[in-house]
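Please keep the sequence and the model in view while reading.

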Amino acid sequence: MNSTIIFTDGSSRGNPGPGGWGSVVFGNGEIIELGGAEKNTTNNRMELTAVIQGLRKAWEGFAQGRPTHIVYTDSSYVINGITKWIHGWKRNGWKTKTKDDVLNKDLWMNLDEVLNTVGARNVSWKYVGGHVGIAGNERCDVIATSFADGEKIKLYNGPLSDYSIKNILDVSHDKAKVKEKIAAKKSSSSRSNAKAYSYISSIGGEIKIHHTWAECEKRVKGAKGARYKKSLDAMNEAEIIDEFSTY
C-alpha cells in the first residue's frame with residue numbers, strides 16, 4: 001500500500017455545545033489514533049478539525065516515500081467544501097456570494113494551508129456513510145463522542161498487527177445497518193408532525209438555532225434567500241446544519 005489512510009469524524013452536543021473530534025491514521029504498517037475536545041463548538045468545526053489534524057499527522061509521520069493520502073469522512077460539508085466551494089471562496093478573499101465571511105473561515109484557511117504543504121493533488125477525498133458499519137468511521141465516532149462527553153478513552157499508537165480493530169482498513173459497509181438507517185430516515189419523515197427539538201435558520205450562510213418557531217419565524221420572515229427547518233432530535237439538528245452549510 002503506497003498511501004496513508006485517514007478516517008475522521010466530529011461530534012458536538014448541541015450546535016454550539018461541547019464537542020470532540022477523532023482521527024485514525026494508517027501508514028507504513030502503523031496506526032495512530034488522535035482526538036480532542038472543545039467546550040463550545042459545532043459539529044462542522046469538529047469535522048474540519050479532525051481532517052486537519054489527521055492530515056497533519058499523516059504528513060509528519062508517514063510523508064517520506066508516501067505522498068498520497070486518502071481521507072474518509074461522513075461529512076458532506078467537508079467533501080463539498082474542499083472539492084467545490086473552496087475555489088470560489090479563495091477567489092473572493094474567503095467571502096461568500098453575499099460578501100460575508102465564510103463560515104468557519106479560520107479552519108478552512110488552516111486546511112488550505114495543510115493542503116499546500118502536503119500537495120492538494122496528493123489527497124483523495126472519499127465520502128462514507130456514517131453509522132453503516134465502516135470500521136474506521138465507527139472508531140472515529142467513538143473517539144469524537146467520548147471527547148465531546150468528557151469521557152476517558154485510550155488512544156492507540158502502534159503497529160497494525162497489534163491493533164484491536166482488525167478490519168480497520170475495510171471500507172465496505174454493513175448492509176443490515178444501511179437498511180436500518182434508511183428505515184430510520186423514513187420514520188423521521190413520518191414524524192414531521194412531532195414536537196420540534198429545535199428550529200434551524202440560515203441567512204447568507206449564517207446559521208442559527210432557535211428553541212421556538214416564533215424566534216425562527218422572526219428571523220426568516222421577509223429575509224431574502226432564508227432557509228429554515230425543524231429538527232426532531234440532536235442528530236437531526238446536526239444533519240440540517242450540515243445541509244445548510246452551503247456557503
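Two strands count as paired if DSSP finds at least two bridges between them, and the helices (H or I, at least four residues) and strands (E, at least two) are DSSP runs numbered from the N terminus. The model is predicted, with local features needing pLDDT of at least 70 and side-chain atom pairs counting only at pLDDT 80 or more, while totals for chains, interfaces and linings use all residues. Residues are numbered from 1 along each chain as its sequence is written, and side-chain values use heavy atoms, with hydrogens and water left out.

**The open sheet and its helices**

Strand β7 (residues 198–203) pairs with β9 in the antiparallel sense over five bridges, and Ser201 stands opposite Tyr228 in β9. Together three strands form an open, antiparallel sheet in the order β8-β7-β9. Because β8 (206–210) and β9 (227–231) each have a single partner strand, one side of each is left without a neighbour in the sheet.

| Helix | Residues | Strands touched | Angle |
|---|---|---|---|
| α7 | 234–244 | β7, β8 and β9 | about 165° with β9 |

**The largest nonpolar core**

A nonpolar core is a set of buried Ala, Val, Leu, Ile, Met, Phe, Trp, Tyr and Cys residues joined through side-chain atoms within 4.5 Å, where buried means under 20% relative accessible area (1.4 Å probe, protein chains only). Of the 31 residues in the largest such core, Leu55, Trp108, Leu111, Leu115 and Trp125 touch the most other members, and α1 gives the most to this core, with eight residues.

Key: Buried means under 20% relative accessible area, exposed over 50%, partly exposed in between (1.4 Å probe, protein chains only). Contact means heavy atoms within 4.5 Å. Axes are lines fitted to C-alpha atoms, for helices over the stretch in contact, and angles run from 0 to 180 degrees between N-to-C directions.
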